[in-house]
Amino acid sequence: MNFFEQQAAARRTSSRLVFLFALAVIGIVLAVDLAAWIVAPSPKSLAFATLGTLGVIGLGSLYRIASLAGGGETVAQEMGGSLVPAETTDPALRRLRNVVEEISIASGVPVPKLYVLEDELAINAFAAGFSTSDAVVAVTRGALDRLNRDELQGVIAHEFSHVLNGDMRLNIRLIGILFGILMIGLIGRKILEGSRFGGRSKNAGALLVAALGAMAIGYIGLFFGRMIKAGISRNRERLADASAVQFTRQTSGLAGALKKIAGLEDGSRLGQRGNTEEVSHMLFGDGIGFSGLFATHPPLLERIRALEPGFRSEQLQRLKADWRHSPPDGLREDLALGLAESGSRRLSDAGRHVVITPAMVASQVAHPADDDYRQADAIAEAMPEALRDLARGRETVMPLLLSLLLAQDEVLLDRQRLEIASRLGGDVAEHALRIHQQLTADLHPMLRLPLAALAFPVLRLRPRPQLDTFLDVVHAVVHADGEVSLFEYCLGKLLAVQVRESLDPSRYARFGRRKPGSVRTEFATLLAVIAQFGNDDEATARRAYLAGLQRVLPRDHVAYAPPAEGVQALEQVWDALDALDPLAKQVMVEAITDAISSDGRVSVAEAELLRTICGVLHCPLPPMLERS
């Protein structure tokens with residue numbers, strides 16, 4: 001199953017969730033109505049009970065959904081997570097950051113914010129958020145201490161599959177919806193707790209009976225909630241395991257992590273800080289200990305055998321015995337296995353041009369292959385460490401990103417410097433100029449967008465007013481000469497999307513439903529811009545345009561008409577195209593690839609445009625175009 005099929009499956013699961021929620025609500029309403037009929041058998045009491053129950057459930061769900069509007073960070077903080085500093089010197093945290101950055105580059109998504117649950121000695125992790133722009137990956141201290149690099153990579157790859165496949169967005173909605181059907185029981189519990197200290201009023205007995213009744217009905221909601229989570233989560237967890245193997249191209253890391261969960265006393269069960277049950281369906285391993293119908297994860301032995309078919313329970317018992325006397329130490333294992341340092345590879349200048357096919361690009365969206373991981377290593381190694389440090393620094397990230405937009409022309413460069421200084425101060429402007437000189441000397445053109453992607457999560461840590469000012473500066477720098485180059489537009493758009501979606505993540509969380517025929521005008525504009533900027537003459541541009549149009553709208557004739565405003569015409573197409581059905585997006589990516597590769601080669605500019613289109617439309621593209 002490819003990325004687009006997984007997105008479509010997640011959308012269907014979302015619809016199924018609504019159906020199951022409706023069934024749960026009906027069950028609770030019937031239980032409340034029965035209680036109301038026993039107390040006061042009249043149509044009026046039934047109507048009051050029904051409307052009251054629906055109101056409580058609806059308001060409870062709306063309240064919880066609103067409380068999660070902050071996205072992944074809200075969930076991580078509620079679970080007691082601590083943000084991992086970008087400039088951390090802790091060896092375990094640096095290893096975590098390096099693994100996450102490597103998988104981010106390989107999968108084509110921005111680096112998520114990282115959190116650690118410091119008080120949790122069990123091995124576990126989760127991903128949370130509405131989209132890649134506000135994604136958070138959290139791991140326990142036990143995972144950092146017990147897992148070696150390969151095992152940690154397997155766990156992180158598993159969580160990345162949730163980020164990419166639509167599970168993360170579904171999981172947050174599940175938290176909000178299930179809270180509503182638990183509201184009756186929560187109200188009963190609060191009344192019962194209050195009655196212990198409420199004196200001996202004449203209504204105390206009635207309140208106690210009402211509280212006990214509400215709690216009894218609440219168990220119906222709890223039953224349905226656990227069943228819904230188990231039914232939705234188990235298959236998604238199997239898929240995430242398979243995706244993690246596809247990401248890392250090795251089974252030993254993920255299997256090793258699962259063996260340690262099964263063999264260590266702490267396992268994957270979390271403590272009581274935060275509501276573990278509320279997020280149990282999001283975790284890498286079972287965080288509570290449910291089994292059977294309520295299990296949110298397949299049995300550990302089943303998950304291990306799916307990766308290593310010959311693994312036997314006797315082997316697990318031997319591992320338990322060994323680890324009881326000598327618990328594993330992940331960092332020490334890395335040294336023993338030679339995993340402490342990543343390999344070094346060079347990015348070849350020959351990677352500026354590559355032959356691609358539509359099917360190849362579509363199949364690689366959000367599914368890095370072995371070559372992509374090797375290329376991710378090469379990209380990481382090719383970035384000067386000094387520039388990577390700038391991308392991780394709160395005070396240096398803005399000058400770094402602005403430096404990528406600065407011109408070579410001295411007159412224009414001076415105008416851009418004044419625009420920066422007038423809004424962010426002279427020190428930021430001078431710092432951006434110094435970095436610009438370093439970039440010109442040291443940075444391969446293909447590394448500009450990957451370097452920016454490393455900087456996005458640090459940029460998002462800035463307060464909202466500073467981010468608003470920064471986007472204003474980016475706009476001024478890009479438009480300083482009255483023209484917008486293709487790269488300026490690409491980086492500026494990606495910055496705007498990252499910042500906008502991170503500030504208001506729930507607003508941009510959606511599964512599209514539109515079909516290609518309903519966006520023919522927008523798609524024709526997109527193809528015309530691609531053809532215009534990717535070809536030197538009108539004849540070849542027209543051929544490129546028609547090649548793309550033929551794939552997505554074979555029966556339509558929309559004349560090639562490059563927009564007068566150039567690349568800025570794309571501002572009118574994004575919302576409509578992002579609302580496409582996931583499988584329609586696959587056809588769109590294939591059509592764009594047809595247009596770009598119609599002349600048999602892909603330039604740096606075309607590769608950056610394709611990456612930007614995929615990023616804005618939430619179809620993460622691995623670094624396949626940077627290959628030599």
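Biologist: Which residue is the bridge partner of F126 in β4?

Modeller: That's A138. Quick caveat before we dig in: this is a predicted model, where local features need pLDDT of at least 70 and side-chain atom pairs count only at pLDDT 80 or more, while totals for chains, interfaces and linings use all residues. Residues are numbered from 1 along each chain as its sequence is written, and side-chain values use heavy atoms, with hydrogens and water left out.

Biologist: Fine. What makes β3 and β4 a pair?

Modeller: Strands here are DSSP E runs of at least two residues, helices are H or I runs of at least four, and both are numbered from the N terminus. Two strands pair if DSSP finds at least two bridges between them. β3 and β4 (136-140) are joined by 4 bridges, so they qualify, and they run antiparallel.

Biologist: And how do you know that β1 and β2 pair?

Modeller: There are 2 bridges between β1 and β2, and the rule asks for at least two, so they make it. This pair is antiparallel too, and S82 has V116 as its bridge partner in β2.

Biologist: Why is the pairing in the sheet called mixed?

Modeller: Strands of a sheet pair through backbone hydrogen bonds, either parallel or antiparallel. β2 and β4 go parallel, over 5 bridges, with L114 partnered by V137 in β4. The β1-β2 pair and the β3-β4 pair are antiparallel. Both senses turn up in the open sheet, whose 4 strands are ordered β1-β2-β4-β3.

Biologist: What makes β1 and β3 edge strands?

Modeller: β1 (82-83) and β3 (125-128) each have a single partner strand, so one side of each has no neighbour in the sheet.

Biologist: How do you know that β2 is mostly covered?

Modeller: Buried means under 20% relative accessible area with a 1.4 Å probe, protein chains only. In β2 (113-117), 5 of its 5 residues count as buried. That holds for both faces: K113, Y115 and L117 on one, L114 and V116 on the other.

Biologist: Why is V477 called buried?

Modeller: Its relative accessible area is 0%, which is under the 20% cut-off, so V477 is buried. V477 sits in helix α21 (464-478).

Biologist: Which residues does V477 touch, beyond its neighbours within four places in sequence?

Modeller: Contact means heavy atoms within 4.5 Å, and V477 has that with L402, L405, L406, Q416 and I420. Also, the C-alpha atoms of V477 and A407 are 9.3 Å apart, though the two are 70 residues apart along the chain.

Biologist: Now the holes. What makes something a cavity here?

Modeller: On a 1 Å grid over the protein atoms alone, a cavity is a set of points where a 1.4 Å probe fits but cannot get out.

Biologist: Which residues are closest to the centre of the largest cavity?

Modeller: Of the 28 lining residues, G108, V109, P110, A453 and R611 are; lining means having an atom within 4 Å of a point. Helix α20 gives the most to this lining, with 6 residues.

Biologist: How many of the lining residues of the largest cavity are nonpolar, polar and charged?

Modeller: 18 nonpolar, 7 polar and 3 charged. Asp, Glu, Lys and Arg count as charged, Ala, Val, Leu, Ile, Met, Phe, Trp, Tyr, Cys and Pro as nonpolar, and the others, Gly among them, as polar.

Conventions:
1 Å grid on protein atoms, 1.4 Å probe; cavity = no way out; pocket = protein on both sides within 12 Å on 5 of 7 lines; lining within 4 Å. Buried < 20%, exposed > 50% of the residue type's maximum accessible area, 1.4 Å probe, protein only.
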